[in-house]
Amino acid sequence: MEKKSRKQYLLDILKLFGIFFKIGLFSFGGGYAMLSLIEAELVKKQKWITHDELSDIFAIAESTPGPIAVNAATFTGYHAAGVPGAVLATIGVVMPAFLVIAVIIALSYVIELVKDNVWAGYFFKSIRVAVLVLIAKAVFTFFKDMRKNLLSYVLMIASFLLVLLTNVRVI
């Protein structure tokens, strides 16, 4: 490899990592939601692979064990930049979830440290109130849009009383 092509290769695999990090960060709804983002980035924007090649990659990713998003990232990264591309694309797509879990774990330690603090208690109680307000807003919004008839009112009241007066779980 020439120096310039090696530099371009390194830039490409770093770009591959960035693309899959962004896809992992912003795609909600699971692995299948990521597929259109992968197509938009790698086929249409970067033009690293063709639509037919990506379709083959998706078929392989779906038929192999493991999450389709991780498999698709691995196969796409390999196709675009070899083994280093596969490794960086895979790390890129899973790192956002890993970071979210790490932040949640760190927050749980902070909460444990301040749980007996009076001000922290007030803060957490205010969060409960805010969550209650958000839930109530959602209920009233859906209630406004709901088709109302006698059966819907009876089911709503029966469900409310069942949850309120027994140990039946809402879910």
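At what angle do the axes of helix H2 (residues 31-45) and helix H3 (residues 51-63) cross, and within what distance do they come? I looked this up first. The model I am reading is predicted.

**Entry: H2 and H3**

I find that the two axes cross at roughly 150° and come within 11 Å. Angles over 145 degrees count as roughly antiparallel, so I log H2 and H3 as roughly antiparallel to each other. I note the crossing of H2 past H3 as right-handed. On the H2 side I list Tyr32, Leu35, Ile38, Glu39 and Val43 as making the contact, and on the H3 side His51, Leu54, Phe58 and Glu62. Sorted by class, this contact of H2 with H3 holds six nonpolar residues, one polar and two charged.

**Entry: H3 and H4**

Next I took H3 against helix H4 (residues 68-114). Their axes are 8 Å apart and the packing angle is about 135°. That angle makes H3 oblique to H4. I record a right-handed crossing for H3 and H4. From H3, I have Glu53, Leu54, Ile57, Phe58, Ile60, Ala61 and Glu62 meeting Ile68, Asn71, Ala72, Phe75, Thr76 and His79 of H4. My class tally for the contact of H3 with H4 is eight nonpolar, three polar and two charged residues.

**Entry: H2 and H4**

I then checked the remaining pairing in this group. H2 packs on H4 at an angle of about 30°, and I read 8 Å between the axes. H2 contributes Gly31, Tyr32, Met34, Leu35, Ile38 and Leu42 to the contact, while H4 contributes Ile68, Ala69, Ala72, Thr76 and Val93. By class I get nine nonpolar and two polar residues for H2 with H4, with no charged residues.

**Entry: H6**

Last, I looked at helix H6 (residues 150-165). How many residues does H6 have, and how far does it reach from its first C-alpha to its last? I count 16 residues and a reach of 22 Å, close to the 22 Å expected at 1.5 Å a residue. At the start of H6, I find a side-chain oxygen of Asn149 within 3.1 Å of the backbone nitrogen of Leu151.

Methods
Residues numbered from 1 in each chain as written. Predicted model: local features only at pLDDT ≥ 70, side-chain atom pairs only at ≥ 80, totals over all residues. Heavy atoms only, no water. Helix = DSSP H or I, 4+ residues; strand = E, 2+ residues; numbered from the N terminus. Expected span 1.5 Å × (residues − 1). Polar contact = N/O pair within 3.5 Å; in protein donor to acceptor, adjacent residues only side chain to side chain. Axes fitted to C-alpha atoms, helices over the stretch in contact; angles between N-to-C directions. Parallel < 35°, antiparallel > 145°, perpendicular 65-115°, else oblique. Left-handed = near helix turned anticlockwise from the far one by under 90°. Contact = heavy atoms within 4.5 Å. Nonpolar A, V, L, I, M, F, W, Y, C, P; charged D, E, K, R; others polar.
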